[in-house]
Amino acid sequence: MQKSLVAEFFGTFWLVFGGCGSAVLAAAYPELGIGFVGVAFAFGLTVLTMAYAVGGISGGHFNPAVSLGLTVAGRFPAARLVPYIVVQVVGAIAAAALLYLIASGKAGFELGGFAANGYGEHSPGGYSLLSALLIEVLLTMFFLIIILGSTSSRVPAGFAPLAIGLGLTLIHLVSIPVTNTSVNPARSTGQALFVGGWALQQLWLFWIAPLAGGALGGLVWKFLDDAD
């Protein structure tokens, strides 16, 4: 259990540092910025690489919504759910803190949105609360279906991290303009703590929607494949 929790800490740390770091440090870099597409691939690559690196130790959740969805689907013991969520949130906060220290080392640094998630005037594309709620629930649900399906005993072993990483990339390609893409309450919490104000006020949505989507994904998978 202890090694699993440490693995989840490092996996979530890498997801937030790599994904949000790409948004904060590289997305809008003059002329050579990676843009939305680059950020989407960065998030996907963080999950892909750490799923291969430590997935065999902890299961490679790195996300409270994933842990909840796996629990609902009967793939993860409920007794481990709260400890996993705690270390995931701690890992995300640690990554956000280190990212802040690095980013603030540039002359004229301004915190700005710091890759935090938001809706309304804090949505990159100005999308409403309802739009944000719907897309976060829907995409998290499908993320769980991808995870549960690709790790099923019915598919070839060893390829799940590719499907999961590419799935997360696709999710970001769709939803960065809407919410800056959460589908992960831990990722949202780390950034919101440093932005404060509006980000903390809107954080509730990025817990409720991904957790609801994760639970729905677990239920859908149980219906589709109760043999697992």
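The model is predicted, so local features need pLDDT of at least 70, side-chain atom pairs count only at pLDDT 80 or more, and totals for chains, interfaces and linings use all residues. Residues are numbered from 1 along each chain as its sequence is written, and side-chain values use heavy atoms, with hydrogens and water left out. Helices are DSSP runs (H or I, at least four residues), numbered from the N terminus.

Serine 175 has a relative accessibility of 0% and therefore counts as buried; that term means under 20% relative accessible area, with exposed over 50% and partly exposed in between, for a 1.4 Å probe and protein chains only. Apart from neighbours within four places in sequence, serine 175 is in contact with Ile135, Leu139, Asn180 and Thr181, where contact means heavy atoms within 4.5 Å.

Let us turn to the packing of helices. Helix α5 (residues 129-150) and helix α6 (residues 160-179) pack at about 175°, their axes 9 Å apart. That angle makes α5 roughly antiparallel to α6, a label for angles over 145 degrees. Axes are lines fitted to C-alpha atoms over the stretch in contact, and angles run from 0 to 180 degrees between N-to-C directions. Among the residues that meet are Ile135, Leu139 and Phe143 in α5, and Ile164, Leu168 and Ser175 in α6. The residues of this contact comprise 13 nonpolar, five polar and one charged. Here Ala, Val, Leu, Ile, Met, Phe, Trp, Tyr, Cys and Pro count as nonpolar, Asp, Glu, Lys and Arg as charged, and the others, Gly among them, as polar.

Next, helix α4 (residues 81-103). Its buried residues include Tyr84, Gln88 and Leu99. Among the elements that cover the buried residues of α4 are α1 (2-26), α2 (35-58) and α9 (205-224).

Finally, the aromatic rings. The whole structure contains nine aromatic pairs, counted where ring centres of Phe, Tyr or Trp (its six-membered ring) lie within 6.5 Å. In one of them, phenylalanine 114 and phenylalanine 194 have ring centres 6.2 Å apart and planes at 55°, so the pair is tilted, being neither stacked (under 30 degrees) nor edge-to-face (over 60). Phenylalanine 114 is in the loop between α4 and α5, and phenylalanine 194 is in helix α7, 80 residues apart. Phenylalanine 114 is buried at 3%, whereas phenylalanine 194, at 28%, is partly exposed. Elsewhere, Phe9, Phe10, Phe13 and Phe17 form one aromatic cluster.

Definitions and conventions:
Helix = DSSP H or I, 4+ residues; strand = E, 2+ residues; numbered from the N terminus. Parallel < 35°, antiparallel > 145°, perpendicular 65-115°, else oblique.
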